[in-house]
Structures are given as structure tokens and as C-alpha cells.
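Thanks for coming, everyone. Please bring up the sequence and the model, and keep both in view while I talk.

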Amino acid sequence: MNKKRKVYQKIITIIILLISLFGQNLLLWSINKANEAKIKVSLVNTVMDFNGYTYSGNIVYPNGEYEFYYNQWLMTDHIKDPISDGKINMPDSWVGRELHRNGKNYKLTSHGYATYRMAMTNIEPGQIFSIAKQDCGDSVKIYFNDTLVYHYGVLSKEENTNNISGKIFSQSSLVAPENGVIIMTIEVGNNGHGGLQDVPSIYPSTKSSRQASIAEAIIFFSFGIILASILTALSFLLTDRKNPSSCFILSLTIILFLTLLFSGDGLIVFNRFSIY
């Protein structure tokens with residue numbers, strides 16, 4: 001009986017190994033295909049051009065030049081004719097930055113509040129844009145055009161009263177308008193360390209793209225196969241701790257699972273299920 005049981009376990013182990021390898025290869029193939037079709041976008045001179053971009057659920061990191069408005073909240077205070085204080089590269093602190101107003105030059109300290117603004121252009125109408133959930137290191141309000149899509153913490157104009165407790169949190173999305181332009185406006189409170197610490201990432205997605213839906217389905221299916229392989233190998237390992245095949249499958253699948261989960265493609269899972 002023991003010999004038959006060991007033979008049975010070896011057969012099951014080989015089958016699980018083959019299924020696991022199939023799932024891993026399928027997953028890597030889908031990621032490579034997505035990367036081949038991916039056109040990276042970058043923020044240049046306060047504009048991020050999405051012309052030719054493939055909407056496949058990839059996170060966009062809008063690091064670059066923003067319009068800068070010191071001690072102004074354009075949206076909250078309904079400022080119609082704001083005075084721009086030039087451009088600022090983000091992420092970066094404004095500490096030490098020289099500001100010219102009313103014929104005088106000022107050197108900014110770590111105190112103050114501000115607005116950052118940039119434009120996303122040539123977006124396909126109907127595409128859905130949202131902010132990927134994350135801690136930007138500060139309380140922030142983020143607007144797409146006139147819509148508040150992200151609100152974290154409590155903003156204040158008073159010195160060192162920035163509250164990032166997260167007790168106030170809201171998130172929504174915006175469907176790209178017909179003109180294909182979305183203006184992203186970021187307001188930050190008086191946090192005492194010179195502005196926004198990290199630029200929030202953008203999550204462009206789609207409901208109409210069949211290619212994106214198939215890619216996501218493959219990723220989720222592969223995740224399921226890998227998780228099933230981990231659980232099966234773990235159960236065999238608990239019954240027979242000297243089984244080298246189970247150890248190999250378990251270590252291989254766990255490494256691949258963690259690598260994928262914390263990669264750019266794994267962020268699809270975080271956003272879809274609202275995981276922090």
C-alpha cells in the first residue's frame with residue numbers, strides 16, 4: 001500500500017508540475033505580448049501624449065514637468081485666473097526654489113501649500129482613467145478636469161497641520177471626453193516638507209478593448225493555476241516532507257507568484273480588488 005501510495009503521489013506531483021509550468025509559461029507569454037505592444041508615455045513640458053498608446057491595464061507613472069502654483073488651490077478655492085509660478089520637476093521638493101512675485105524674489109522654505117497641473121492628450125474617447133491606490137506621503141486632492149477622482153487625508157493651509165491619517169478617503173474615475181484631453185490637477189496641503197513626496201500613478205483601463213480583457217483573463221487564470229500548484233505542493237509536502245519534487249514545485253511557484261504580484265503587471269490585481 002505504501003509503495004502504491006508513493007507511486008500515486010509521484011504521478012500527481014508530475015501532473016501538477018506540468019500544469020504549473022504550463023501556467024507559468026502562459027503567464028510569461030501574455031506579459032511579453034503585452035510588453036511588445038506597449039507604447040510608453042512620458043510627461044514632457046507638462047503634457048503627456050497618449051497617441052498610439054495600447055490600453056492594456058498598465059500603470060502609467062507621470063514623472064516630469066508640472067505647472068506649479070505656490071500657495072494656491074485652484075480647484076478648492078475656485079481660482080479662475082491663477083498666477084503660475086513656472087514649472088517644477090516631479091517628484092521633487094520646492095525647498096530652496098526661487099519665486100518671483102510682485103517685483104520681489106522669494107526663496108521657498110518647507111512650508112506652504114500648492115497645486116500641480118499637467119495635461120494628458122490624444123486619449124481615445126471612452127477610455128476610463130483613475131488613480132492607482134497608493135500613499136503619496138501627503139494628504140492630496142486629485143482632479144481629472146473638474147472631477148475629484150482621489151481624496152486622501154485632510155488638507156490644510158496652516159503650518160504642519162497636514163493630516164494623512166487616511167480617515168478621509170474617496171476614489172472615482174473619469175471617462176475620457178470626446179476631445180481626448182484630461183487635465184490632472186493635484187492639490188497638496190501645508191505638510192512642512194516642501195510639497196508632494198511622490199507623484200500618484202495613473203491607471204488607464206477600458207471596457208471596450210477585447211485585447212485588454214483577454215490579457216487580464218489570462219493573467220487571472222495563470223494566477224489561479226499558480227496558487228493551486230502552491231496549495232497542492234504544500235499538501236504533499238506536509239504528508240511527505242522528504243519529497244524533493246514537492247519542495248521544488250513549492251519554491252518555484254512561490255518565487256514566481258511573488259515576483260509577478262509585486263511587478264507592474266501584478267498591480268492589475270491590486271487595483272481590480274482594491275488591495276493596498
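In strand 10, which residue is the bridge partner of phenylalanine 144? The partner is threonine 147.

First, the ground rules. This is a predicted model, where local features need pLDDT of at least 70 and side-chain atom pairs count only at pLDDT 80 or more, while totals for chains, interfaces and linings use all residues. Residues are numbered from 1 along each chain as its sequence is written, and side-chain values use heavy atoms, with hydrogens and water left out. Helices (H or I, at least four residues) and strands (E, at least two) are DSSP runs, numbered from the N terminus.

Back to strand 9. Strand 9 pairs with strand 10 in the antiparallel sense, over five bridges. To count as a pair, two strands need at least two DSSP bridges between them.

Is strand 9 enclosed or open? Five of its five residues are buried, so strand 9 is largely enclosed by the rest of the structure. Buried means under 20% relative accessible area, exposed means over 50%, and partly exposed lies in between (1.4 Å probe, protein chains only). Both faces are covered. Val140, Ile142 and Phe144 sit on one side, Lys141 and Tyr143 on the other.

Now the core. A nonpolar core is a set of buried Ala, Val, Leu, Ile, Met, Phe, Trp, Tyr and Cys residues joined through side-chain atoms within 4.5 Å. The largest one has 37 residues. Phe50, Tyr66, Tyr116, Met120, Phe144 and Met184 touch the most other members. Among the elements that give two or more residues to this core are strand 3 (64-70), strand 7 (114-121) and strand 9 (140-144).

Take tyrosine 66. Its contacts (heavy atoms within 4.5 Å) include Leu43, Ile88, Tyr116, Met184 and Val199.

Next, threonine 115, in strand 7. Threonine 115 is buried, at 0% relative accessible area. Its side chain reaches the backbone oxygen of glutamine 72 at 2.6 Å. Threonine 115 also touches Trp73, Leu74 and Thr185, among others.

Last stop, helix 2 (residues 210-239), which holds isoleucine 230. Isoleucine 230 counts as buried because its relative accessibility is 13%. Isoleucine 254 is 24 residues away in sequence, yet 6.8 Å away in space, C-alpha to C-alpha.

How values were computed: Polar contact = N/O pair within 3.5 Å; in protein donor to acceptor, adjacent residues only side chain to side chain. Lists of a residue's contacts leave out its neighbours within four places in sequence.
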